[in-house]
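Good morning, and thank you for coming. Please look at the sequence and the structure on the screen while I describe selected parts of the protein.

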Amino acid sequence: MSEYIVSARKYRPATFDSVVGQSALTTTLKNAIASGKLAHAYLFCGPRGVGKTTSARIFAKTINCLNPGPNGEACNECESCRAFNEQRSYNIHELDAASNNSVDDIRDLIEQVMVPPQVGKYKVFIVDEVHMLSAAAFNAFLKTLEEPPSHAIFILATTEKHKILPTILSRCQIYDFNRMEVPDIVAHLKKVAANEGYTAEDEALSVIARKADGGMRDALSIFDQVAAFSQGNITYQKVIDNLNVLDYDYYFDITDSILKTDVTKIMLTLNEILSKGFEGNHFIGGLASHFRDLLVSRDPQTLPLLEVAESVRQRYQEQAQRCQPKFLYSALRLCNDCDINYRTSRNKRLLVELTLIEVAQLLQADDEAASGGRRPAKRLLPIFAPAPAQVAVTQSLHNPPSTSTAGTAPASIAAPVTTTVTTPAATTAQQPIRRNDSISALAKTRLSTISLTRVNTTAPAAAAATPAATAATAATASEPARPAQCQPFTADDLRLQWLTFANTLPVEEAAEAGRLKIVQPVIKENYRIEALVENQVAANYLGKIAPQLTAHLRATLRNDNITVAFPVDETHTIRHAYSPRKILAEMMQKNPALVTLIKTFDLQLD
């Protein structure tokens, strides 16, 4: 059995032409070698696994080649090239600055610089991870780096250029290596798979390339891992199973549910994702990337920015046509805010769920009738399917009886007359519900309409009833009685609706909304909900919106026994600012020895 070599080492480039994704840099180096204009110090910087050390080795091998080819590549036949390929060349020295970062290590390197090469023209010193050198080592290296012998060339490689001293940077030619593009990595992985006799799907290789994050070494390592798992048959499903990444289908399905405002399916899909062990921030980050890909898929000019397989690209184009740019911008902002607040959130799952609900509500229709000539107001659509009783009452609210069918009682008949006293909030039955209204239409109408019954003894009073009052009386009399509701609910359900109400408050009630988000509601006996506040002032402020909050919780949690109270936390201690004399008096009261000390030495407080 032959010795196994990982793909990252086995397929390491040996020529400039085989370096992937760095054509501009390799062309510059080849031209410099061909023209004989070589600098004495180079700095190769860039992300991990993009070919910095590999290019340094190829450069060192090529400048010492005795018979370079017409294309600027090494011949691989002369003594210098054979010594390099067999790793026995004395003209190339590599130093790992991560483990050799002291002044003594640099002094040993300087001593080797003074020895001329035995074969070839140059001695090349490759210092990897040069940013790990200590400040003293950098300073000891300055003079030699600025004026080395004519046969010495230094190649410094680093992933963190900002950590290198400016005096070092000024002595080097700087080459910035680019992060590799997904198509370049996929093309190289196809060649490796063909050489190894593997079968690989384009979608599978695309997932590996995106997982590698621009590093070819990482891509080859993941490729070997997946190849071992799939036994040479690299498919898309096996890749996502082995790497534990979220499938594209999850993001497409949840976006379809958002476009349909199907919050129930969104919640179920999120629960399935979390049950597979994925973190909420990982899902939100992926969803934000999905929205970004949808955004770039809408315009043919930005379509090349979509780094996915061709089959997935078509799905993105189809779904992108059903998403408006305004929706995608807002959805990206909400996902980004959730990602920022995820680490500090106490209830991370609730934060993700609320974000998805807000994204699903972005597509609600503008209510032009409620705008009044100003910016169109929006109303929140129902999140979950209401109970049958609520559906019937809601339909009666949105479809009031026509006033043409309401008749007036004869003047000769003395009958009870029902007069409806309507508060300003009762206009909900006739006007569209505004987005900032925190009470549902059903609860608001039930709270704001009061019926007063009296006996009409005179005919003129009966005849004086206006058609509008008669129509309102008929609507009130024909409204079906809704059975009392007493659905049990959990603390999580309460917290969700509590925060939903806080988020729907208008801008002028931002202070109350902030306090509602801070306090913690607790369920007491008989569905009494209490939220402790720090002082009476806060209790008074929140008491103003307590009726609205109560109506909202009763309607959404389907429990008419809910009551809300904001008691003051009596255990909350108030700290006062003490003067120096007050502090001394407190200390003297707690420590009698201090009193004796003051009297003995006749001390006074300045």
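**A buried strand and its partners**

Let me begin with strand β3, residues 123-128: 5 of its 6 residues are buried, so this strand is largely enclosed by the rest of the structure. Buried means under 20% relative accessible area, exposed means over 50%, and partly exposed lies in between, with a 1.4 Å probe and protein chains only. Helices (H or I, at least four residues) and strands (E, at least two) are DSSP runs, numbered from the N terminus.

Before I continue, a word on the source: this is a predicted model, in which local features need pLDDT of at least 70 and side-chain atom pairs count only at pLDDT 80 or more, while totals for chains, interfaces and linings use all residues. Residues are numbered from 1 along each chain as its sequence is written, and side-chain values use heavy atoms, with hydrogens and water left out.

Which strands pair with β3? Strand β2, residues 92-96, pairs with β3 in the parallel sense over 5 bridges, and within this pairing Glu 94 stands opposite Ile 126 of β3. Strand β4, residues 152-158, is also parallel to β3 and is joined to it by 6 bridges; here Phe 125 has Phe 154 of β4 as its bridge partner. Two strands pair if DSSP finds at least two bridges between them. Strands of a sheet pair through backbone hydrogen bonds, either parallel or antiparallel.

β2, helix α5 (residues 103-113) and β3 form a right-handed β-α-β unit. Another right-handed β-α-β unit is made of β3, helix α6 (residues 135-146) and β4. A crossover is right-handed if, with the strands pointing away from the viewer, the path from the first strand over the helix to the second runs clockwise.

**Aromatic rings**

I turn now to the rings. How many aromatic pairs does a search of the whole structure find? The search gives 15. Rings of Phe, Tyr and Trp (its six-membered ring) pair if their centres lie within 6.5 Å; planes under 30 degrees apart count as stacked, over 60 as edge-to-face, and the rest as tilted.

One of these pairs is formed by Tyr 251 and Phe 283, which are stacked, with 6.1 Å from centre to centre and 15 degrees between the planes. Tyr 251 belongs to helix α12 (residues 248-259) and Phe 283 to helix α14 (residues 280-297), so the pair ties together parts that are 32 residues apart in sequence. Are these two residues buried or exposed? Tyr 251 counts as buried at 7% relative accessibility, and Phe 283 is buried with a relative accessible area of 0%.

Elsewhere, ring pairs link Tyr 42, Phe 44, Phe 59, Tyr 175 and Phe 177 into a cluster.

Arg 315 lies over the face of Phe 252, 4.2 Å from the ring centre, and Lys 348 lies over the face of Tyr 342, at 5.0 Å. The criterion is that NZ of Lys or CZ of Arg is within 6 Å of the ring centre and within 35 degrees of the ring normal.

**Helix α9 and two further residues**

In helix α9 (residues 202-212), the buried residues include Leu 205, Val 207 and Ile 208. The buried residues of α9 pack against α8 (182-196), β6 (199-200), α10 (216-230), β7 (233-234) and α11 (236-243), where contact means heavy atoms within 4.5 Å. Just after α9, Asp 213 takes a positive phi of about 60 degrees.

Asp 293 lies in helix α14 and is buried, with a relative accessible area of 4%. Not counting residues up to four places away in sequence, Asp 293 touches Arg 210, Leu 306 and Tyr 316.

Cys 65 is located in the loop between α3 (52-63) and α4 (79-85), and counts as buried at 9% relative accessibility. Leaving aside neighbours within four places in sequence, the contacts of Cys 65 are Ala 74, Cys 75, Cys 78, Ser 80 and Cys 81. Cys 65 and Cys 78 are 13 residues apart in sequence and 6.9 Å apart in space, C-alpha to C-alpha.

**The whole protein**

Finally, the secondary structure comes to 27 helices and 14 strands. Of the 606 residues, 40% count as buried. Thank you for your attention.
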